[in-house]
Amino acid sequence: MSALMKIDNATLVLGRQRFGPFNLMLRPEERVAILGPSGAGKSSLLKLLARELAPANGSLVLDGRALAEWPIASLARRRAVLPQTHGVAFGLPVELVVTLGRVALRNDPQQARIAELAMAQAQASHLIGRRFDSLSGGEQARVQLARVFAQAWDERKGLLLFDEPLAALDPGLTLELMQAMQHFATERGHALVAVLHDLNIALNHFDRLWLLREGRILADCDAVPACLPLLEQLYGVRMRLLRDAEGLAVLASPLQCLAQAA
Ligand SMILES: Nc1ncnc2c1ncn2[C@@H]1O[C@H](COP(=O)(O)OP(=O)(O)OP(=O)(O)O)[C@@H](O)[C@H]1O
């Protein structure tokens with residue numbers, strides 16, 4: 001299958017740190033979780049894919065065209081980004097934050113309708129009329145997700161880039177929003193790349209894992225139980241697998257257990 005995005009020998013330099021070289025391929029409709037310890041460079045890699053950071057070397061190609069050459073308005077239609085921190089000084093009403101997802105689209109008669117549908121899909125409709133900065137963390141997460149849904153609503157086979165979209169959510173909401181993201185992406189054929197810390201979400205809802213340690217890819221592997229030894233190596237903890245008919249879960253044990261088992 002042809003690549004949606006191809007990353008060849010891309011390196012990133014931030015201050016004194018060097019990340020990469022990255023050689024990765026993302027297929028259309030694929031769901032990839034980027035995992036790794038804090039500070040490994042996950043957000044930086046995501047920003048590279050989003051063109052928010054430029055590579056020092058190497059190339060990134062989206063849909064057969066160099067990422068750097070995409071006109072910004074076309075790029076905004078083709079890929080949508082959910083950042084880790086939302087840098088807008090949001091005294092704004094919720095519906096305006098969601099509509100911001102569609103600013104790249106001129107003459108958009110569907111704007112209000114799509115914003116409304118996007119809020120329904122992200123289970124944020126009940127927040128209409130509220131100020132964004134008056135919302136709880138979980139409520140803000142739903143509104144931000146609705147903004148990304150609004151942006152990518154009428155695109156097909158695009159790219160969704162999410163940085164810790166499920167951070168600080170309760171278990172019910174985590175699953176609800178994961179299912180909303182999955183449904184949204186699958187319906188439109190969008191690929192989804194997400195930085196995650198939740199291994200169970202990664203193993204149950206994603207196709208592939210990019211494991212990142214100290215700025216380099218330790219492994220690019222399928223999200224299957226066989227990747228457990230790689231996850232142990234990645235985080236330096238022992239992992240145990242629990243499985244039933246509905247899915248699987250991993251439990252992390254302290255480092256000394258890994259040493260004892262060796
Ligand atoms: N703009 C920047 N300039 C200089 N250093 C940076 C910049 N952005 C990130 N870094 C550094 O690069 C390293 C990787 O940061 P990054 O945010 O990509 O890690 P991460 O794996 O996403 O971490 P976390 O899981 O804690 O969010 C960190 O040491 C960070 O301080």
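Lys157 sits in the loop between α5 and β7, and that's a handy place to start in this predicted model. Despite not being a glycine, Lys157 has a positive phi of about 55 degrees. Lys157 counts as partly exposed because it has 13 C-beta neighbours inside 10 Å.

**The six-stranded sheet**

- Six strands make up an open sheet with mixed pairing, in the order β6-β7-β8-β3-β9-β10.
- Each of the edge strands, β6 (79-82) and β10 (216-222), has a single partner strand, so one side of each has no neighbour in the sheet.
- From one strand to the next, the twist averages 15 degrees.
- β6 and β7 (residues 159-163) run parallel and are joined by four bridges; in that pairing, Val81 stands opposite Leu161 of β7.
- α5 packs on this sheet, touching β6 and β7, and its direction makes about 175 degrees with that of β6.

- Trp210 belongs to strand β9, which covers residues 208-213.
- Is Trp210 buried or exposed? Trp210 counts as buried because it has 21 C-beta neighbours inside 10 Å, and the cut-off for that is 20 or more.
- If you skip neighbours within four places in sequence, the contacts of Trp210 are Leu24, Val32, Ile34, Ile217 and Asp220.
- Trp210 and Ala33 are 177 residues apart along the chain, yet their C-alpha atoms are separated by 6.2 Å.

**The four-stranded sheet**

- There's also an open sheet of four strands, ordered β2-β1-β4-β5 with antiparallel pairing.
- β2 (17-26) and β5 (65-66) are the edge strands, each pairing on one side only.
- β1 (residues 5-14) and β4 (residues 57-62) run antiparallel, with five bridges between them; Asp8 has Ser59 as its bridge partner in β4.
- Helix α1 (residues 42-50) packs on this sheet and touches β1, β2 and β4, with its direction at about 125 degrees to that of β1.

**Around the ligand**

- Which residues are around the ligand? They are Leu14, Gly15, Gln17, Gly36, Ser38, Gly39, Ala40, Gly41, Lys42, Ser43 and Ser44.
- α1 gives the most to this shell, contributing three residues.
- Sorted by class, the shell has two nonpolar, eight polar and one charged residues.

**Helix α4 and its buried face**

- Within α4 (residues 111-121), the buried residues are Ile114, Ala115, Ala118, Met119 and Gln121.
- Looking down the axis of α4, you'll see these buried residues fall within an arc of 160 degrees, so they line one face of the helix.
- The cover over the buried residues of α4 includes α3 (94-99), α5 (137-152) and α6 (171-188).
- Gln123 follows α4 and has a positive phi, near 55 degrees.

**Other backbone details**

- Gly20 and Pro21 are joined by a cis peptide bond, with omega at about 5 degrees; Pro21 lies in strand β2.
- Asp63 isn't a glycine, but its phi is positive at about 50 degrees.
- You'll find Asp63 in the loop between β4 and β5, where it counts as partly exposed because it has 18 C-beta neighbours inside 10 Å.

Note on methods:
Residues numbered from 1 in each chain as written. Predicted model: local features only at pLDDT ≥ 70, side-chain atom pairs only at ≥ 80, totals over all residues. Helix = DSSP H or I, 4+ residues; strand = E, 2+ residues; numbered from the N terminus. Buried ≥ 20, exposed ≤ 12 C-beta atoms within 10 Å, placed from the backbone. Contact = placed C-beta atoms within 7 Å. Arc of directions from axis to C-beta. Pairing = 2+ DSSP bridges. Axes fitted to C-alpha atoms, helices over the stretch in contact; angles between N-to-C directions. Near = placed C-beta within 6 Å. Nonpolar A, V, L, I, M, F, W, Y, C, P; charged D, E, K, R; others polar.
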